[in-house]
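This report covers a ligand site and the strand pairing of one structure. The sequence and model are shown first.

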Amino acid sequence: MRIKPSKKEYQGEEVTIVWQAHKCIHSEKCWRNLEDVFRYGKKPWVDPNGASGEKIRQQIEQCPSGALSYIGQELKSEEEEGDLKATLVANGPILIKGSINFMHPDGSTSLEKNPVICRCGASANKPFCDGSHKKVGFQS
Ligand code: SF4
Ligand code: FES
């Protein structure tokens, strides 16, 4: 079963933050490092004016899954794009840097940019990671 993609934008004075919940792998980097912007447990959980635009952009670039991005980041990463790269996250998924065309069992196809691939086997959104590796205590 594929989780329905969602995309929300939070417009601030210096930066517009884009949030795609279905891509989050719960690394916790955002709210642990910039809690005035990524306000875990609060509503709305993103305050785009909680820090300077520069600080927010730097933090978003640390998001390993691409669940967080900002308007304009796409252009920057396209300039840096080269070969496909795969990073195995300790006790977590595989982060692919680059675009892959997936062919699904039902015959449909989808082009995924920087997909995050499950390697624990517990995701309800295979082949993509949905953060379940934390719940099942995956170790590798
Ligand atoms: S994957 Fe990105 S959005 Fe999800 S918790 Fe980690 S840094 Fe935050
Ligand atoms: S690696 Fe994240 S759900 Fe399997």
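Which residues surround ligand 1?

## Ligand site

Ligand 1 is surrounded by Cys24, Ile25, His26, Ser27, Glu28, Lys29, Cys30, Cys63, Pro64, Ser65, Ala67 and Leu68; a residue counts as near if its C-beta atom, placed from the backbone, lies within 6 Å. This shell divides into seven nonpolar, three polar and two charged residues. Nonpolar covers Ala, Val, Leu, Ile, Met, Phe, Trp, Tyr, Cys and Pro, charged covers Asp, Glu, Lys and Arg, and the others, Gly among them, are polar.

## Basis of the model

The model is predicted: local features need pLDDT of at least 70, side-chain atom pairs count only at pLDDT 80 or more, and totals for chains, interfaces and linings use all residues. Residues are numbered from 1 along each chain as its sequence is written, while chains are lettered from A and ligands numbered from 1 in the order in which they are written.

## Open sheet

An open antiparallel sheet is formed by three strands in the order E4-E5-E8. Strands are DSSP runs (E, at least two residues) numbered from the N terminus, and two of them pair if DSSP finds at least two bridges between them. E4 (85-88) and E8 (116-117) are the edge strands, each with a single partner strand, so one side of each has no neighbour in the sheet.

E4 and E5 (residues 94-97) run antiparallel and are joined by four bridges. Thr87 has Leu95 in E5 as its bridge partner.

## Hairpin

Five bridges pair E6 with E7 (residues 109-113) in the antiparallel sense; Ser99 is bridged to Lys113 in E7. The hairpin has five residues between the strands, and Gly107 takes a positive phi near 95 degrees.

Of the five residues of E6 (residues 99-103), zero are buried, so the strand lies largely in the open. Buried means that 20 or more other C-beta atoms, placed from the backbone, lie within 10 Å of the residue's own.

Methods:
Buried ≥ 20, exposed ≤ 12 C-beta atoms within 10 Å, placed from the backbone.
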